[in-house]
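This report goes through one structure, site by site. Please look over the sequence and the model before reading on.

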Amino acid sequence: MERTSSPAETEAVGARIAADLRPGSVVLVSGELGAGKTTLIRGACRELGVRDPITSPTFTIGHRYRGRVPVSHLDLYRLEGLEGEDPGLLDDYLTEDAVAFVEWPQAAEPRLERVAIRVELRHEGGDERTIEVRRT
Ligand code: ADP
Ligand code: MG
């Protein structure tokens, strides 16, 4: 369990996670709104050589960035489940050549393969956060 007191510290946790990833690795990032999921993913993406701005996908299900490896960033907040969705919905993002980060993964979790790491962020008041990183 890690404890951070600033966005920069949470980005640094993300950067450390990135060092362990391989093409095809999927990282699930859970936690409430504002817990710091996107912040942690930003740190990981920077470490992977992504220079684009990293923001939560809002009007689409995901972003695809170019770094030293392709990087996908999904936010499934509005997805209730995969029933009734196009079965290929996530396929363009979860490619074997890419590292993928998934915010709000619950709805898709049964169908997600190659999950390497699960991250859970929690508010602890003010700028304090706890971050649990579990390698699978
Ligand atoms: P999420 O993607 O989980 O909704 P964001 O990363 O978009 O969360 O937002 C987290 C917000 O909390 C940002 O405004 C960030 O500046 C702020 N913040 C304050 N302290 C921290 C911290 N220790 N770690 C991460 N974010 C923090
Ligand atoms: Mg977010």
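## Burial and helix α2

A residue counts as buried when its relative accessible area is under 20%, as exposed when the area is over 50%, and as partly exposed in between. The model discussed here is predicted. By that cut-off, the buried residues of α2 are K37, T38, T39, L40, I41, G43, A44 and C45. Eight of the 11 residues of α2 are thus buried, so the helix is largely enclosed by the rest of the structure.

Just after α2, G49 has a positive phi of about 90°.

## Magnesium site

Three side chains coordinate the magnesium ion (ligand 2): T38 through OG1, S56 through OG and E103 through OE, at 2.2 to 2.3 Å. Along the chain these donors follow the spacing T-x17-S-x46-E. T38 belongs to helix α2 (residues 37–47) and E103 to strand β5 (residues 99–103), so this pair ties together parts that are 65 residues apart in sequence.

T38 is buried, with a relative accessible area of 14%. E103 is also buried, at 2% relative accessibility.

## Surroundings of ligand 1

Ligand 1 is surrounded by 16 residues, and the closest are T10, G34, K37, T39 and D127. Of these, K37 and T39 are among the buried residues of α2.

A backbone N or O atom of G34 lies 2.8 Å from an oxygen atom of ligand 1. For S6, a backbone N or O atom is 3.2 Å from a nitrogen atom of the ligand. R129 contributes a polar side-chain atom, which lies 3.1 Å from an oxygen atom of ligand 1.

In soluble globular proteins, nonpolar side chains tend to be buried together. In this model the largest nonpolar core has 23 residues, and C45, V71, F101 and V119 have the most contacts inside it. At least two residues of the core come from each of α1 (7–18), β2 (26–30), α2, β5 and β6 (115–123). The largest share, four residues, is supplied by α2.

What does V119 touch, leaving aside residues up to four places away in sequence? Its contacts are I17, V27, L28, V29, S30, L40, I131 and E132. There is also a second, separate core of 16 residues, which includes L79, Y93, L94 and A107.

## The aromatic pair

A pair of aromatic rings is described by the distance of the centres and the angle of the planes. The structure holds one such pair. Its members are Y77 and W104, with 4.8 Å from centre to centre and 50° between the planes, and the arrangement is tilted.

The two residues are 27 apart in the chain, and the pair links distant parts of it: Y77 sits in the loop between β4 (70–75) and β5, and W104 in the loop between β5 and β6. Y77 is partly exposed, at 46% relative accessibility.

Which backbone angle marks W104, although it is not a glycine? W104 has a positive phi of about 50°. R114 is not a glycine either, and its phi is positive at about 60°. With 34% relative accessibility, R114 counts as partly exposed.

Key. Residues are numbered from 1 along each chain as its sequence is written. Chains are lettered from A and ligands numbered from 1 in the order in which they are written. This is a predicted model: local features need pLDDT of at least 70, side-chain atom pairs count only at pLDDT 80 or more; totals for chains, interfaces and linings use all residues. Side-chain values use heavy atoms; hydrogens and water are left out. Donors are N, O and S atoms within 2.8 Å of the metal (3.2 Å for Na, K and Ca); water is not among the atoms, so sites may look incomplete. Buried means under 20% relative accessible area, exposed over 50%, partly exposed in between (1.4 Å probe, protein chains only). A nonpolar core is a set of buried Ala, Val, Leu, Ile, Met, Phe, Trp, Tyr and Cys residues joined through side-chain atoms within 4.5 Å. Contact means heavy atoms within 4.5 Å. Rings of Phe, Tyr and Trp (its six-membered ring) pair if their centres lie within 6.5 Å; planes under 30 degrees apart count as stacked, over 60 as edge-to-face and the rest as tilted. A residue is near a molecule or strand if one of its heavy atoms lies within 4 Å of it. A polar contact is a pair of N or O atoms within 3.5 Å; within protein, one must be able to donate a hydrogen and the other to accept it, and residues adjacent in sequence count only if both atoms are side-chain atoms.
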